[in-house]
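Here are my notes for your reading of this structure. Please keep the sequence and the 3D view open while you go through them.

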Amino acid sequence: MDIRIKTPEEIAGMREACRLASQVLDFVAPLVKAGVSTLALDEAMEGFMKENGCISACKGYCPRGFTPYPAATCISINHVVCHGIPTADKLLKKGDIVNIDVTVIKNGFYGDTSRMFIVGSKPGILAKRLVEGCYEAMWRGIEAVKPGRPLNDIGIACSKVAREEGFSVVHEYGGHGIGRDFHEEPFVTHFDTKDNSIILRPGMIFTIEPMLNAGARHISDLRDGWTVVTKDRSLSAQWEHTVLVTETGCEVLTMSEGYPAVPEWVTAKH
Ligand code: MF3
Ligand code: CO
Ligand code: CO
């Protein structure tokens, strides 16, 4: 198990990359409207990255056993859990819940974040509960990040929210160490693995990115080689931040001016 402890220089580079990733989402937020294609959003975000001196980490990304990822971002709608591929024929419609996941590379450092958007002003009751419940799960996971505590505390905290809200947690995908590589150790689960052997240390950087389903936790893969959907086609939501373990807790690196309101119980503590 090799979890890299970042140097002060690396932390500075990560702060910059992560802020940029969040700014891409600030930029795209007003464009997320009924009638727009997911490809148009993807192309707009890629243009913004270029203007701001960074590139997409996703485009051409090709883990073993996969085909190169064809787009700059992932856009996952309704029952799509993650890795939705933007296309010209996929148009957003009122009531859709949409995850946009952005990973940029700036000066060799990776910044990774995603947010949910609800199209139109009249979301379904379940859709709204799922999006908000997932947001709370992510922030409870972030709250659990403390040096000296087991990594597994994060999964315990996220899954407690899911359980209380009656939602399930996806097991197959999770957060990950990140830095000069896209996916480093550790693998961050959003459920309780009962394995408390990995202890958080200052200087670790990883993502917290719970996927919550309205139905069962099980997933299937579409034949495009990337898109992951809920097996029962129930709605799925995801939020993601990249965080740094500090001496006292953690610093959320993927923040920017346009970030949505954080839960009151988070702001109260800082
Ligand atoms: N950004 C995703 C994550 O949070 C990974 C996307 S890989 C891609 O880990 F190739 F689908 F873009
Ligand atoms: Co990630
Ligand atoms: Co991501």
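Predicted model: local features only at pLDDT ≥ 70, side-chain atom pairs only at ≥ 80, totals over all residues.

1. Begin with where ligand 1 is found. Ligand 1 sits in the largest pocket. The protein covers 96% of the 340 Å² of accessible area that ligand 1 has on its own.

2. Next, look at the residues around the ligand. Ligand 1 is surrounded by 14 residues, and the closest are Cys58, His176, His183, Glu209 and Glu240. By type, this shell is made up of 6 nonpolar, 4 polar and 4 charged residues.

3. In His183, a side-chain N or O atom is 2.9 Å from an oxygen atom of ligand 1. Asp112 has a polar side-chain atom 3.1 Å from an oxygen atom of ligand 1. For Asp101, a polar side-chain atom is 3.1 Å from a nitrogen atom of ligand 1.

4. Now turn to the cobalt ion (ligand 2). Its protein donors are Asp112 (OD), His176 (NE2), Glu209 (OE) and Glu240 (OE), at 2.0 to 2.2 Å. Along the sequence, these donor residues follow the spacing D-x63-H-x32-E-x30-E. His176, Glu209 and Glu240 are also among the residues closest to ligand 1.

5. Why is the arrangement around the cobalt ion (ligand 2) irregular? It is irregular because the 6 donor atoms subtend angles of 50 to 162°.

6. The cobalt ion (ligand 3) is coordinated by Asp101, which is listed with two OD entries, and by Asp112 (OD) and Glu240 (OE). The distances run from 2.0 to 2.4 Å. The spacing of the donor residues in sequence is D-x10-D-x127-E. This site has 6 donor atoms with angles of 58 to 167° among them, and it is irregular.

7. Which residue bridges the cobalt ion (ligand 2) and the cobalt ion (ligand 3)? The bridge is Asp112, and the two ions lie 3.3 Å apart.

8. Asp112 coordinates both cobalt ions, and a polar atom of its side chain lies 3.1 Å from an oxygen atom of ligand 1.

Note on methods: Residues numbered from 1 in each chain as written. Chains lettered and ligands numbered in written order. Heavy atoms only, no water. Near = heavy atom within 4 Å. Polar contact = N/O pair within 3.5 Å; in protein donor to acceptor, adjacent residues only side chain to side chain. Areas by Shrake-Rupley, 256 points an atom, 1.4 Å probe, with all protein chains shown as cover. 1 Å grid on protein atoms, 1.4 Å probe; cavity = no way out; pocket = protein on both sides within 12 Å on 5 of 7 lines; lining within 4 Å. Sits in = over half its atoms within 2 Å of the grid points. Nonpolar A, V, L, I, M, F, W, Y, C, P; charged D, E, K, R; others polar. Donors = N, O, S within 2.8 Å, 3.2 Å for Na, K, Ca; no water. Tetrahedral: all angles 85-135°; square planar, octahedral: opposite > 155°, others 65-115°.
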